[in-house]
Amino acid sequence: MKQHKKGLALWLTAILLLLAGALLTGSPGRAESVQEAMRDAVLHGENQVSLFGWRAVNPGLISAFTVTAILLAAAVCIRVFAIPRFRLKPGRLQLLLEEAVGMFDRMARSNSPHRFRFMEAYIFAAGAYIFTGTLFELLGIQAVTTHGHPITLPAPLSDVNAAIAMGTLSYLVILSGGIAGNGPRGIGKTLKEFSLPISMSFRLFGALLSGLLVTELVYYYISLSFVLPVIVGVLFTMLHALIQTYVLTMLTALYYGEVSEPAPAKEKRVRKKA
């Protein structure tokens with residue numbers, strides 16, 4: 001017990017010394033102030049990337065294309081190489097895939113029992129994209145801006161356009177469930193929640209952007225980048241990946257189940273014969 005306490009004390013002392021050294025050495029020369037760095041992380045007005053030499057775009061768009069390509073390639077590889085080898089006694093990969101599919105299947109069946117086939121496929125795809133896209137920034141893939149400066153590609157959904165697209169697509173899926181379940185009446189039930197795509201979009205965007213800005217601040221002010229930036233970056237990214245995947249898929253399945261539920265048939269009143 002004493003050895004564990006002594007080892008923990010040594011680790012804490014080393015971390016504090018590294019942190020103190022990072023703070024005392026100061027930050028190296030920066031081409032932009034922290035205000036400009038934070039503003040550009042939101043608006044992407046300066047650090048844009050060339051899209052195949054055609055035009056300058058937000059780095060989030062390059063991230064979105066990359067994540068989509070990764071997911072499509074992974075899906076093809078799993079379908080061709082992994083699924084034909086599935087057995088009654090599952091291995092690690094099979095167990096992981098079955099658990100992921102089962103989780104979204106249970107979510108769709110419990111929240112939308114009347115129409116869940118399409119919903120389970122959609123929330124699985126949306127959840128995989130949000131989770132993979134959020135973890136994508138941990139890879140630290142570099143790109144070169146149109147001004148010749150290196151930049152790390154951010155999470156796709158930290159761009160407000162991508163978050164709005166995801167929220168709007170989820171709302172259209174909910175609307176399709178209302179139409180399939182109740183016809184024109186389902187449209188009215190869905191349109192009552194007119195603020196839903198806005199809330200879903202900006203909840204997703206705000207959560208991912210907050211993690212990006214906090215990490216940007218830590219890296220900006222701690223020049224040597226010891227310990228703290230790694231802990232902050234990984235924790236924020238992992239938490240946001242799990243929480244936002246669960247929140248958006250759960251909300252989509254929940255509202256889809258509400259609008260697609262068939263309206264109860266009106267009970268016919270039987271007139272008693274006099």
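I worked on a predicted model, in which local features need pLDDT of at least 70, side-chain atom pairs count only at pLDDT 80 or more, and totals for chains, interfaces and linings use all residues. Residues are numbered from 1 along each chain as its sequence is written, and side-chain values use heavy atoms, with hydrogens and water left out.

**Overall.** I looked up the secondary structure and found nine helices and four strands. Helices (H or I, at least four residues) and strands (E, at least two) are DSSP runs, numbered from the N terminus. The order of elements from the N terminus is α-α-β-β-α-α-α-β-β-α-α-α-α. Of the 274 residues, 35% count as buried; buried means under 20% relative accessible area, exposed over 50%, and partly exposed in between, with a 1.4 Å probe and protein chains only. Taking contact as heavy atoms within 4.5 Å, I noted that among contacts between residues at least 6 apart in sequence, 69% join residues at least 24 apart.

**Core.** I then went to the largest nonpolar core, which has 35 residues. Such a core is a set of buried Ala, Val, Leu, Ile, Met, Phe, Trp, Tyr and Cys residues joined through side-chain atoms within 4.5 Å. Met119, Ile123, Leu157, Met166, Leu204 and Leu248 have the most contacts inside it. At least two core residues come from each of β1 (49-51), α3 (59-82), α4 (92-111), α5 (117-135), α6 (160-182), α8 (196-221) and α9 (228-260). For Leu248 I left aside neighbours within four places in sequence and found contacts with Ala126, Ile130, Met166, Ser170, Met200 and Leu204.

I checked lengths against the expected span, 1.5 Å times one less than the number of residues. The 20 residues of α4 should span 28 Å, and its end C-alpha atoms are 29 Å apart, which agrees.

**Second largest pocket.** Which residues lie nearest its centre? They are Leu97, Ala100, Phe104, Phe124 and Ala128, out of 31 lining residues. On a 1 Å grid over the protein atoms alone, a pocket is an open set with protein on both sides within 12 Å along at least five of seven lines, a cavity is a set of points where a 1.4 Å probe fits but cannot get out, and lining residues have an atom within 4 Å of a point. The pocket volume is about 980 Å³, a volume being the space filled by probe spheres set on points joined across faces, edges and corners. α4 gives the most to the lining, with 10 residues.

**Cavity.** I found one cavity of 30 Å³ or more. The largest cavity holds about 40 Å³ of space. Its lining is Met200, Arg203, Leu204, Gln244, Val247, Leu248 and Leu251. α9 gives the most to this lining, with four residues.

**Asn47.** I looked up Asn47 in the loop between α2 (34-43) and β1. Is Asn47 buried or exposed? Asn47 is buried, with a relative accessible area of 15%.
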